[in-house]
Amino acid sequence: MVAGRLQRLVNAGRVVACSALLVACTQIIHNDPINQPLVPGVAPSAELGRSVETYYDDTVVALSFSGGGTRAAAFAFGALTAFDETPTPNRSTPLLDRIDFVTGVSGGSVLAAYYGLKKRAALADFKQRFLLRNAEENLQMNLNLLSIAKGLQGGINDPSVFPKWLDDNLFEHATFKTLLYQRRPYIWINASDIYNRTPFVFGRVLFGALCSDLADYPVSMAVAASAAVPVVFAPVVIQGYPGGCSVPLPPWVEQVRNNPDAQPLLKLFANAVHRYHTGEVHYVKLLDGGMVDNYGLAGFTIARLASNTPYGPLEPEEAVKLRRLLFLVVDAGRAPSGAWSQTVEGPSGANLITAASDTATESGAVGSYTSFQDTMRSWQSALIDWRCKLSAADRHRFGAPAAWNCHDVRIFVGRVAFDQLGPQRAAALNSVETAFKLPPEQVEMVISAGHDAVKNSSVFRSFLVSLGAHPRPHGVPVAAPETVPQPHEAAAQQQ
């Protein structure tokens, strides 16, 4: 037994020695930052774009696309096809054209970005250009001594490889400038800041704190950061340019940092923004957004918690008009898998790594969704209270329509997922890998599942009914997801 142990130690030592030797001989990973500083005296272009007067009306539709490789992108694509088949009540356009906001993580960020760039035209070619393609064709995905050595160096794949494939095959070198100057939808791409352990949303606040110009940043790099699985990819790096611009921090940052009772999620984020702005963090290192928030909801939760008004993050003109808001989470997350739970031994090797990653991702997603529900529930109450206390002059100033009812605000929050499609179908869907290369038959199966899950969502159907529609069931009914409880709906007099 002692001899066996000694032999195992010798073998382990040889593996470590070989890996160390390969590390010394392996070419250095290049992940130099490519973001540019703001031009002194010029306001961040990210602040331009939407107009309060024209962007919102009384209905807002928002979607969240979870992580999960091509599987997640296909499930979200199926969800969009369901929106395209659903007419907007009292309007001539499909509900697809009424989507105001999309937040995406990892595989979901690929479709979020492409839909933001192409709008409904994305439905015509996304399947051919991405879902049925092998997005891993230029990546090193096999584990061997050389790849392990590169992983020990910081990442098996150089972070420039995947963005190049995305640009050549999908995004065509688009930058955020394209996404910033459009009426709808508004797009958030989410990554994880692995030093500050917070979400990193590619948007005005964080790039402004870094004194960097988001408009010229490639969409492909943001998506690659969102999908950068640790070890498989080296981090995407964003450089800060402290002192290089006059962009002030939002007032709430210092207020939160000095508040001992601030919510931990908000304080963690405020501290990160402060470090960016002061230069305490010179380089932000980004990996897979699913590490801290696989639904991409934390950014919106933070935006609401950071607001010092009852209507924020909306402007008062938007909050007065609002009647219906749907926020649907399209979740392609992984269910428990593997036979090692049936034995004393295991998991081991790759199963252990996968199990640890899935545990962190799924538990974080559950916490993010629960927090989001609580935030939206309290926001709905705050909106109604604020609206009903407005004076006649304020109602006129903010553009309240004729026959306005201050109580008439309903927020619908729901989740569509594999587990709502019945046990057999869910088992088949959960067997699909979360890779960026899938067989065509699996792609079609997941697309169909996304379509059916939305069509049969009780929250989606309730939202349509509230708009005056009469949706019909589609296929097998699914379980009712959680929703924001609605206020008492007895007739209320206009205040």
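Let's start with cysteine 388 and cysteine 406: they're joined by a disulfide, with an S to S distance of 2.1 Å. Bear in mind that this is a predicted model. Now, cysteine 388 is in helix 15, residues 349–388, while cysteine 406 sits in the loop between helix 16 (392–398) and strand 8 (410–417), so the bond ties together parts that are 18 residues apart in sequence.

Buried or exposed, then, for cysteine 406? Buried, at a relative accessible area of 0%. Cysteine 388 comes out at 15% relative accessibility, and it counts as buried because the cut-off is under 20%.

How many disulfides does a search of the whole structure turn up? Two. The other bond is between cysteine 211 and cysteine 245, with S to S at 2.1 Å. That link of cysteine 211 and cysteine 245 is left-handed, with -70 degrees about the S-S bond. Here the pair links distant parts of the chain, 34 residues apart. Cysteine 211 is in the loop between helix 9 (204–209) and helix 10 (219–226), and cysteine 245 is in the loop between strand 5 (236–239) and helix 11 (251–257). Cysteine 211 is buried too, with 2% relative accessible area.

And the overall pattern: number the bonded cysteines in sequence order, and the pairing reads 1-2, 3-4.

Notes. Residues numbered from 1 in each chain as written. Predicted model: local features only at pLDDT ≥ 70, side-chain atom pairs only at ≥ 80, totals over all residues. Heavy atoms only, no water. Disulfide = S-S within 2.5 Å. Helix = DSSP H or I, 4+ residues; strand = E, 2+ residues; numbered from the N terminus. Buried < 20%, exposed > 50% of the residue type's maximum accessible area, 1.4 Å probe, protein only.
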